[in-house]
Amino acid sequence: MEINPEQQPISTPKATTIPSNSSLSLPLMGCGTWAWGNRLLWGYNPTMDNDLQAVFNLAVSQGVTLFDTGDSYGTGKLNGRSELLLGRFFTAYQGLNKDKICLATKLAPYPWRLTRNSMINAGKASAQRVGRNLDLVQMHWSTANYAPWQEHALLQGLGDLYEQGLVKAIGLSNYGPKRLKKVHQQLASRGISIATLQVQYSLLSTYPVTELGVKDVCDELGIQLIAYSPLALGLLTGKFSEKGSFPKGLRGILCRQLLPKIKALLDCLQEIASLRNKTMSQVALNWCICKGTIPIPGAKNIQQMQDNLGAIGWQLNDEEITELDRIAEKLEKKMVQNIFQTK
Ligand SMILES: NC(=O)c1ccc[n+]([C@@H]2O[C@H](COP(=O)([O-])OP(=O)(O)OC[C@H]3O[C@@H](n4cnc5c(N)ncnc54)[C@H](OP(=O)(O)O)[C@@H]3O)[C@@H](O)[C@H]2O)c1
């Protein structure tokens, strides 16, 4: 594939803010913090905390000011760990862009959360862990696929958090276009808008956008789409190979299943990356940005954050995007979709 150098925009290192229909200030890229407290999938332990704080500080100083957490990130003895760490790092940080920081949590519709009050209480508990009100509170997933009767009250509670001034904006997660439209109507009847929707979106998870068409509906309703797992849990960084060692547990299984099937995509990412003097992660994240989404890659150390920051300040050209799209579409295997993703 040939790249026309005239189409390569000039690089600017800092993340800039994108327009939003709420009072939120959202950057071009954010940072996910699922790994900041999750032992099972991500191998978190508290000795990582200094590294995580360094990630936070670097990100904010470079304009990556959106941090995505969840009240289910850290369970058992680590209950709410990710929110606690974010709050601690936020309080300690005194540098550039502090005023732009957007702390976003997701409240899980646990089976024992049944009333609108339970959502308000959950929002307050998250705020207590963070040490201040959250900027954005999102419904972590819809219960529509398995307990449709549960959802209405919880969404009303989410709206209450906004009306009571406990959050600046509200959002959803793992909703497809049909559900999104319904919830939009319900909340709009109370004069409340949905600021953001997050779905699993990457070159290995195009389903919510290409098959469900969720981006078009977001655009129509003025909702900002956030791309979670934009590096496909690390697969798109190129650091795992068929012959090399795999991470433990579920991610190892995923590597074994997917790596033999996604070689064409990884080769294409690698080719673009070397022609551009970028890394594969940077190309994969830039693709998300070019698609009008805000990627929120997780990062566990300063090297990863430094690398991910290089996704900002330039843009893939149309030719490169078309080639990546073409190859991604033809892959026989992709990431498994979240079981809670609705239509
Ligand atoms: N709404 C939802 O249901 C939902 C679901 C999933 C995620 N999310 C959100 O989305 C965020 C991001 O997704 P994710 O954490 O699942 O996956 P991801 O961003 O695709 O992958 C992140 C992982 O890849 C590795 N990594 C990151 N940058 C790297 C780099 N430059 N070079 C090499 N390795 C790198 C790190 O793990 P290792 O060092 O261990 O390899 C990191 O934890 C989460 O933290 C969470 O906030 C939301």
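Student: Which residues is S202 in contact with, leaving aside its neighbours within four places in sequence?

Tutor: With those neighbours set aside, S202 is in contact with S229, P230, A232, L236, W287 and C288. Contact means heavy atoms within 4.5 Å. A word on the numbers: residues are counted from 1 along each chain as its sequence is written. This is a predicted model, where local features need pLDDT of at least 70 and side-chain atom pairs count only at pLDDT 80 or more, while totals for chains, interfaces and linings use all residues; side-chain values use heavy atoms, with hydrogens and water left out.

Student: Why is S202 called buried?

Tutor: Buried means under 20% relative accessible area, exposed means over 50%, and partly exposed is in between (1.4 Å probe, protein chains only). S202 has a relative accessible area of 0%, so it counts as buried. You'll find S202 in the loop between β8 (194–200) and α6 (207–210). Helices (H or I, at least four residues) and strands (E, at least two) are DSSP runs, numbered from the N terminus.

Student: What makes the pair S202 and L204 a polar contact?

Tutor: A polar contact is a pair of N or O atoms within 3.5 Å; within protein, one must be able to donate a hydrogen and the other to accept it, and residues adjacent in sequence count only if both atoms are side-chain atoms. Here a polar side-chain atom of S202 is 3.0 Å from the backbone nitrogen of L204, so the distance passes that limit.

Student: How many residues surround the ligand, and which are the closest?

Tutor: There are 30, the closest being D68, K239, R251, K300 and Q304. A residue is near a molecule if one of its heavy atoms lies within 4 Å of it. Helix α11 (residues 302–309) supplies the largest share of that shell, 3 residues.

Student: Where is Q341, and why is Q341 called buried?

Tutor: Q341 sits in the segment after α12 (318–330). Its relative accessible area is 11%, so Q341 counts as buried. The side chain of Q341 reaches the backbone oxygen of Y175 at 3.3 Å. Beyond four places in sequence, the contacts of Q341 include N145, N174, Y175 and G176.

Student: What can you say about the phi of N174?

Tutor: N174 isn't a glycine either, and its phi is positive, near 65°. N174 is in the loop between β7 (169–173) and α5 (177–188). At 2% relative accessibility, N174 counts as buried.

Student: What about K263: why is K263 called partly exposed?

Tutor: K263 has 47% relative accessibility, which puts it in the partly exposed class. K263 belongs to helix α9 (residues 263–276).

Student: And L258, buried or exposed?

Tutor: Buried, because its relative accessibility is 1%. L258 is in helix α8 (residues 250–258). Not counting residues up to four places away in sequence, L258 touches L235, K333, K334 and M335.

Student: How do you know that the radius of gyration of the chain agrees with a compact globule?

Tutor: The radius is taken over C-alpha atoms, and the globule rule is 2.2 Å times the number of residues to the power 0.38. For 343 residues a compact globule would be near 20 Å; the chain has 19 Å, which agrees. Of those 343 residues, 57% count as buried. The chain has 12 helices and 10 strands.
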